[in-house]
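Trainee: Could you take me through one part of this model in close detail? I'd like to follow a single side chain and then the elements around it.

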Amino acid sequence: MSAVATGARGAAPDPFDTYGYRGTVACAAAGITYRQLDYWARTDLVRPSLTPVPGSGAGRLYNFRDIVILKIVKRLLDTGVSLHNIRAAVAHVHARSSSELAGITLMSDGATVYECTSAEEVVELVHAGQGVFGISVGAVWREVEAVLTQLPGEPVDGAAADPPAALLSHGVVDELALRRRSRAV
């Protein structure tokens, strides 16, 4: 268990970077307003990883991990965590690989955000009186996956029209959009 800090740790390239979601889809999946999304992008809290276009809205393309992070930010804000600590948590989550994220629980007492990687660490934190609430990153990941199966996405420029197998196996591809695209060819 460790307090979340901004560290420079390289994450491996993710197959989720080849498939993107427009701002309105990101909002729907994360449960936020477009105004929040726009503000967070302009203030560098959560910028779109795929096409970070300056200005308001048009052209921004978020990847799956971005949307997971948007949902985490929303939950942290809703529980009263300070913006400073949210920024540290966002940097920490960005630095983790996809496989690492599934096993992380972010805990907070409202003042500090802690990373726990086991049930024992969560219990220890709660017994010490430091953990008031927790966010299972793996659970947020699965929630976003479920929502995105119902929403349209698109391949990133230069990527194949067919999404990578990792996306298909995780269920984050809009099957209807794929059918439309195959008929248009």
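Mentor: Let's start with Lys-71, which is buried in this predicted model. Its relative accessible area is 14%, and since buried means under 20%, Lys-71 therefore counts as buried. This lysine belongs to helix α3. Setting aside neighbours within four places in sequence, Lys-71 is in contact with Ala-29, Ala-30, Val-140, Glu-143 and Val-144.

Helix α3 spans residues 64-78, and together with α1 (23-30) it is among the elements that cover the buried residues of α2. So what does α2 itself look like, and which of its residues are buried? Helix α2 covers residues 34-42, and its buried residues are Leu-37, Asp-38, Trp-40 and Ala-41. Looking down the axis of α2, these buried residues fall within an arc of 165 degrees, so they line one face of the helix. On the other side of α2 you will find Arg-35 and Arg-42, both exposed. After α2 comes Asp-44, with a positive phi near 60 degrees.

For a contrast in element type, have a look at the strands. Strand β3 (residues 105-108) runs antiparallel to β4, and four bridges join the two.

Notes
Residues numbered from 1 in each chain as written. Predicted model: local features only at pLDDT ≥ 70, side-chain atom pairs only at ≥ 80, totals over all residues. Heavy atoms only, no water. Pairing = 2+ DSSP bridges. Buried < 20%, exposed > 50% of the residue type's maximum accessible area, 1.4 Å probe, protein only. Arc of directions from axis to C-beta. Contact = heavy atoms within 4.5 Å.
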